[in-house]
Amino acid sequence: MIQIMGVPFQLNSMWNLGSSEKSIIQYMYKAPVLYSYPSNDEFLFEINLRTRIIESAEDMNESQMEFTIFEYARCNSKYWNLTELGGFLLRHDVRPSDAIEDIYKSSSLYAFECATACIIIFYHAILKSIGDHLFNLIFQNLYLYSWHSDPDLELDTFYADHFLPGDVVYFNNPDFNLNTSWFRGENAVVLSDDSFFGHGIGIRTAEQMIQSLNEYRQPQSNQSAYLTDSITRPSFRNLFQLTLVQRHHPAFKKQQFVIHHNKCSIPFMEHLFYRY
């Protein structure tokens, strides 16, 4: 159910929405929880950003970005400094928006694992939603490594029995082969057609994603990979509030502590465990 300003939302011809936006709204209608918004603007902001997340995931699928472990990570040195531990540190002489755009424009120069891919997708989608100027005010000093992100992205992770297009879910492979430990699971963006995008596997249905992970289990394993009930998404409300700020966003903010765990393809919940 959807509520805007305390009133149940009704989709009609007055709302100029595309097929992806309508699909997201249908998922919200069917959800067993209430999605409540204080204004039409905030509701449309989330719908738009979720659509951009889907588009950014699909664009990554069509790109030449490669999946790799941290040891072999690659980036364009014109925009990023590659750290010894496989992270991408934004150069001080480039704009954050240009660096994020370059990942898509010069995709053959980049290789990373699937948690990093999700953060890149979120940043790219936000950039497309709010534009260069505001993006560069908010997201300075970027560092890409696993689930590490700018505090204003305000990632939220929780367990639920449903998900929405634009969310990130996790496919767990509990009996993964130790020789290919990066297939311990897959972080995947929920698309609007009952499919998922996971960097390194591509766009698949849930069943196909599980089949792909099952190929990398321990020999003679009978324990299948599975879709967990873990959901990760940015704080749409916080991001919307940031777009309303008329003054310059503070140039300095306390950054989150970086944990270099050297474990590919972990869910955000596990990343939080290492951080705390």
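A salt bridge here is a side-chain nitrogen of Lys or Arg within 4 Å of a carboxyl oxygen of Asp or Glu. This is a predicted model, in which local features need pLDDT of at least 70 and side-chain atom pairs count only at pLDDT 80 or more, while totals for chains, interfaces and linings use all residues. Residues are numbered from 1 along each chain as its sequence is written, and side-chain values use heavy atoms, leaving out hydrogens and water.

**View 1. A salt bridge joins Asp132 and Arg95.** The closest N and O atoms of this pair are 3.3 Å apart. Asp132 sits in helix 5 (residues 132–138), while Arg95 belongs to the loop between strand 6 (88–90) and helix 3 (96–105), so here are two distant parts of the chain, 37 residues apart, being linked. Helices (H or I, at least four residues) and strands (E, at least two) are DSSP runs, numbered from the N terminus. Is Asp132 buried, partly exposed or exposed? At 33% relative accessibility, Asp132 is partly exposed, and Arg95 is also partly exposed, at 40%. For these words, buried means under 20% relative accessible area, exposed means over 50%, and partly exposed lies in between (1.4 Å probe, protein chains only).

**View 2. Helix 2 and helix 7 meet through Glu42 and Arg237.** Their side chains form a salt bridge of 2.4 Å, N to O. Glu42 lies in helix 2 and Arg237 in helix 7 (residues 236–243), so the contact ties together parts 195 residues apart in sequence. Look at the two ends of the pair: Glu42 is buried at 4% relative accessibility, whereas Arg237 is partly exposed at 42%. A search of the whole structure finds 11 salt bridges.

**View 3. Asp167 and Arg50 form a salt bridge.** Their closest N and O atoms are 2.9 Å apart. Which parts of the chain does this pair tie together? Asp167 comes from the loop between strand 9 (156–159) and strand 10 (168–172), and Arg50 from helix 2, so the parts being tied are 117 residues apart in sequence. Both Asp167 and Arg50 are buried. Salt bridges with shared partners join Glu46, Arg50, Asp167 and Arg233 into one network.

**View 4. Strand 11 (residues 185–190) is largely enclosed by the rest of the structure.** Why is that said of strand 11? Because 6 of its 6 residues are buried. Gly185, Asn187 and Val189 are buried on one side, and Glu186, Ala188 and Val190 on the other. In a regular strand, side chains alternate between the two faces of the sheet. Strand 11 pairs with strand 10 in the antiparallel sense over 5 bridges, and Val169 stands opposite Ala188. Strand 11 also pairs antiparallel with strand 12 (residues 196–198), over 2 bridges, and here Val189 stands opposite Phe197. Two strands pair if DSSP finds at least two bridges between them. In the hairpin of strands 11 and 12, with 5 residues between the strands, Asp194 takes a positive phi near 65 degrees.

**View 5. An open sheet has 3 strands in the order 2-1-3, with mixed pairing.** Its edge strands are strand 2 (7–8) and strand 3 (35–37), each pairing on one side only. Strand 1 (residues 2–4) pairs with strand 3 in the parallel sense over 3 bridges. Which residue of strand 3 is the bridge partner of Gln3? Ser36 takes that place.
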